[in-house]
Amino acid sequence: MSKQEQHWEKTRGLLMLTLAIWFVFSIGIFLFGAEMNEVGGPFGYPLTYWFTCQGSLGIFVILIFWFANRQEKIDEEFGFSERGDD
Amino acid sequence: MIKGNFIDNLPKVYGIYTGGFLAFIIIMAICEQMGMSAKVIGICFVAFTVAIYAIIGWLSRTAQADAYYVAGRQVPTVFNGMATAADWMSGASFVAMAGGIYFKGYGYMALLVGWTGGYVLVASLLAPYLRKFGCYTVPDFIGTRYGGNLARLLAVIVLTVASFTYVTAQINATGTIASVALDIPFQYAVYVGLVSILLCSMLGGMRGVTWTQVAQYIVLIIAYLLPVFWISNKMGAGFFPHFMLADEVARIGELEQQFGFVANSKENLAMVPKGLAGITKAHSAVNATPWAFISLALAMMMGTASLPHVMMRYFTTPSVKAARKSVGWSLFFIFLLYSSAPMLATLSKLSLIDPSLPTGIIGKSIAEVQSIDWYQNWNQANLMFVSDFNGNGTLELNEFFMGGKAVVLATPEIAGLPYVISGLVAAGGMAAAMSTADGLILAIANALSHDLYYKIIDPKAETAKRLVVARVLLVVIGFAGATIAAMEIQGILGSVIWAFDFAMSGLFFPLVLGVWWKRANREGAIAGMALGLISGAGYLIWVRNGGSGFLGITQLTFGIFGSAVSLVSMVVVSLITAEPNAATQRMVDEVRVPSGKSILGKQH
């Protein structure tokens, strides 16, 4: 397998993982919205309510930065990272 | 005061700007104390901020194609994040979102999840690859990846349909705010708003829009957060509302139980002015089925990843790496406002319905409520209404009606904040609507000038001529949008959601598969775009004309049907036609690697 193919395979793996986490917090948990709302969440808000106000939103922010860092590592590993600043 | 390169000095420039804006707010507050009238304060706020944007627009003028189309590809990550956040958060987000949460609760909050979750798709599926591609516009990617003028043209059509649906709502919002703040009729105010919008984008294109959007973000976020924190502290609800409103949320639930949701008769509701609504849904309880919530969130997420005015912001970063990080910053800056909207809705609702608070009106006598100053003001503005349906002389929960915009616009006044805050909120709403309108008009004009005119009609045109065409189109599209906005056909929020559905119906899969599926070819992309858009639009028309719909897909989520048709047709047609040629396949391989030259040259 060429270097480029290996790079793409790892990139695809990271994509799948990212999309799986994304799926859980954008779709998965809301399948059980009514049940989860009976439980107390952070800061004392009902749990589902908290996810819609802050939880899912904040997790997406962190997820994107985490994804960006992981992807950079993959690019560096195969020598595909760009030179220069960001 | 400022030496050297403008880009290196950005933190300093915008630091001074922010300080200047805060000083301006304080000066206005002092003027208010000295007796300046509310009207003059409103005019000062809107005029001052718009003048600043116009100056930035003028300073950013350019005659170079890559500066005009992609701001020279040198916008640093954090600033691009701010610009994207302003580009993204429209007049609807600013003025109507808290109101939507206030009235519809959980069912509406699918939009919050959808409008943020979509950025994960943008970051992981598209933005870095399109940046590597080096395109000027989204149809530029479609046209080069799949080849041929038909694919490019279809992408231009989808982009125009989606963005134009969206832009009329934004021009409408600038008109509404300008007409209130400057006290002129809406039909003229729309054009005042339009001229302000064009001042930012006409001379500098993407460069001008980028630097004005950063300035607009700073104004809109201050204008949104300051009142939320102030009201929360003033009500004694908590120093940091986001972490401290659990008791207030619980209290609203208690009051809802106590009052009950009494349904009004048809005859009674007919007396309520159009556009106003009562509180009929639980504040924090789950009041929508899982599919209703998820389908709306999903449609908004896929729409986010297909809307060209957002995607093109990531063409302006210096590198692929920066494009990825920049998506994170964009969402962070969006998160600051979105996470505050539910808090504002909570504070607003509690302050109105809790009889134990001095501002609470439920349980008071109707005559008493009708004599309150702020009630009279907002009643006159057609945003508040009470009526004694049951004739008992006291105001019940089901007898109080409010417009969605009132949550953002009226809450500061109800909570007893000085008028300077209302002026600030008007400036923030104006900034939000202008920045989005600018992004959208530019997206349409750039697609028409670059993809339709330069790439299809006259490939030999010189840069100077191309940029003249781009600017003429900008003005024409702006006026067309303003003319339609002046007719006041649709509400602000409905048309915004449609724009997402149109974009995802036609563009989501052709964009994503263009990067992630090498086998996708021209025929497939053409089928995907054409059939996706047609079936999505067809479904909307069918449901609007009394069609029953299926699978719980409504007129707000028709993009789910459109994009499903798009996916199936694109895959099937791609597979039954020849695979893309070797050069195209090599191009896809190139796009997947961040290093190396972009596919399209710096000037193309």
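How many residues of chain B are in contact with chain A, and how many of chain A with chain B? Before I answer, one reminder: this is a predicted model. The count is 44 residues of chain B against 41 residues of chain A.

Let me stay on the chain B side for a moment. The elements that give two or more residues to the side touching chain A are helices H6 (106–133), H11 (241–244), H12 (246–259), H14 (290–304) and H16 (320–338) of chain B. The most comes from H16(B), which gives 11 residues. If you sort that side of chain B by class, you get 29 nonpolar, 10 polar and five charged residues.

Now the two chains, taken one at a time. Chain A has three helices and zero strands, and along the sequence its pattern reads α-α-α. For 86 residues, a compact globule would have a radius of gyration near 12 Å, but chain A comes out at 18 Å. Its C-alpha atoms fill a box of roughly 50 × 30 × 10 Å along the principal axes.

Chain B is built from 26 helices and three strands. What radius of gyration does chain B have, with its 604 residues? The value is 24 Å, which agrees with the compact globule, because a globule with that number of residues would have a radius near 25 Å. The C-alpha trace of chain B spans about 80 × 60 × 40 Å along its principal axes.

Next, the strands of chain B. They form an open sheet in the order S1-S3-S2, with antiparallel pairing. The edge strands are S1 (276–277) and S2 (384–386) of chain B, each of which pairs on one side only. Strand S3(B) covers residues 400–403 and is joined to S2(B) by three bridges. Met384(B) stands opposite Met402(B), and Phe385(B) stands opposite Phe401(B). With S1(B), strand S3(B) pairs over two bridges, again in the antiparallel sense. There, Leu276(B) has Gly403(B) as its bridge partner.

Last, a helix pair in chain B. How do H1(B) and H2(B) lie relative to each other, roughly parallel or roughly antiparallel? Helix H1(B) covers residues 10–33 and helix H2(B) residues 38–59; their axes come within 11 Å and cross at roughly 165°. Angles over 145 degrees count as roughly antiparallel, so H1(B) is roughly antiparallel to H2(B). The crossing of H1(B) and H2(B) is right-handed.

Which residues make that contact? From H1(B) we have Phe24(B), Met28(B), Cys31(B) and Glu32(B). They meet Ile41(B), Cys44(B), Phe45(B) and Phe48(B) in H2(B). By class, the residues of this contact are seven nonpolar, no polar and one charged.

To go back to the opening question, 44 residues of chain B are in contact with 41 of chain A, and H16(B) gives the most on the chain B side. That is what I had for today.

Key:
Residues numbered from 1 in each chain as written. Chains lettered and ligands numbered in written order. Predicted model: local features only at pLDDT ≥ 70, side-chain atom pairs only at ≥ 80, totals over all residues. Contact = placed C-beta atoms within 7 Å. Helix = DSSP H or I, 4+ residues; strand = E, 2+ residues; numbered from the N terminus. Nonpolar A, V, L, I, M, F, W, Y, C, P; charged D, E, K, R; others polar. Pairing = 2+ DSSP bridges. Axes fitted to C-alpha atoms, helices over the stretch in contact; angles between N-to-C directions. Parallel < 35°, antiparallel > 145°, perpendicular 65-115°, else oblique. Left-handed = near helix turned anticlockwise from the far one by under 90°. Rg over C-alpha atoms; globule rule 2.2 N^0.38 Å.
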